[in-house]
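Student: Before we look at any label, I would like to see the rule behind it. Please set each value against its cut-off.

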Amino acid sequence: RCRLATRARSRSSFSASCTHIISSGEDVAHLQVHGLRGCEFLDQLKQRARVTDDAESAAIADEVDRIYLSVPAGTELQVAQSSSRVALQKRVFWDGDRSREAACDVVLWNRWIEKSRRMADFGDEEYHHMVCVEPGLVAEPHTLAAGASVTLEQTLIPSQ
């Protein structure tokens, strides 16, 4: 479980995410992310072109850098590989009100070959074994009034 809580001392803009990188011994070519069908995303590789995902699942076959927009509260994502499945539950609460869960963005990325080679802390071939799936508030800056707060939570649950 990852929990990030932010409270503004003065009026301020921010972006935030609960980062999680999923890695395994399996190649990401065998990985699928379920639960995003019908959601709009910004394709960071195409100058933030707005696209609606109509695929049953998102697969990683080359570089991916997407920001899924305002994924509805209560949406559970499934990250599946041939030998395992992980459920990712995401939650966003404004001003500590856990009874009013809000939508949030979801980032899906894999740096692939060229960007992996340029990253000093990332092995040249490690892109084969990782994908980042992270809920957050990242597509546009958000503003918190003085004293206001936002909490992002994500829980990973192994399943069969």
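Tutor: Start with burial: a residue is buried under 20% relative accessible area, exposed over 50%, and partly exposed in between, with a 1.4 Å probe and protein chains only as cover. The model is predicted, so local features need pLDDT of at least 70 and side-chain atom pairs count only at pLDDT 80 or more, while totals for chains, interfaces and linings use all residues. Residues are numbered from 1 along each chain as its sequence is written, and side-chain values use heavy atoms, with hydrogens and water left out.

Student: What makes Y127 count as buried?

Tutor: Its relative accessibility is 5%, so Y127 counts as buried. The residue lies in the loop between helix 1 (112-118) and strand 12 (130-144). Helices (H or I, at least four residues) and strands (E, at least two) are DSSP runs, numbered from the N terminus.

Student: Which residues does Y127 touch, not counting residues up to four places away in sequence?

Tutor: Contact means heavy atoms within 4.5 Å. By that rule Y127 touches V28, N110, W112, I113, S116 and F122. E76, by contrast, is 51 residues from Y127 in sequence and 25 Å away in space, C-alpha to C-alpha.

Student: With which residues is S70 in contact, leaving aside its neighbours within four places in sequence?

Tutor: S70 is in contact with A103, C104 and D105. S70 itself lies in strand 8 (residues 64-71). A102 is 32 residues from S70 in sequence, and the two are 8.6 Å apart in space, C-alpha to C-alpha. Across the protein, residues 24 or more positions apart account for 74% of the contacts with a separation of 6 or more.

Student: What makes strand 5 and strand 6 a pair?

Tutor: Two strands pair if DSSP finds at least two bridges between them. Strand 5 (residues 40-43) and strand 6 (residues 49-52) have four bridges, in the antiparallel sense. E40 stands opposite T52 in strand 6. The two strands form a hairpin with five residues between them, and Q47 in the turn has a positive phi of about 50°.

Student: How many bridges join strand 4 to strand 9?

Tutor: Three bridges join strand 4 (residues 32-34) to strand 9 (residues 76-81), and the strands run antiparallel. Q32 stands opposite A80 in strand 9. Both strands belong to an open sheet of six strands, with the order 1-13-10-9-4-7 and antiparallel pairing. Strand 1 (2-7) and strand 7 (57-59) are the edge strands, since each pairs on one side only.

Student: Why is the protein called as compact as a globular protein of its length?

Tutor: The protein has one helix and 13 strands. Its radius of gyration is 16 Å, close to the 15 Å that the globule rule gives for 160 residues, so the protein is as compact as a globular protein of that length. The radius is taken over C-alpha atoms, and the rule is 2.2 Å times the number of residues to the power 0.38. Of the 160 residues, 41% count as buried.
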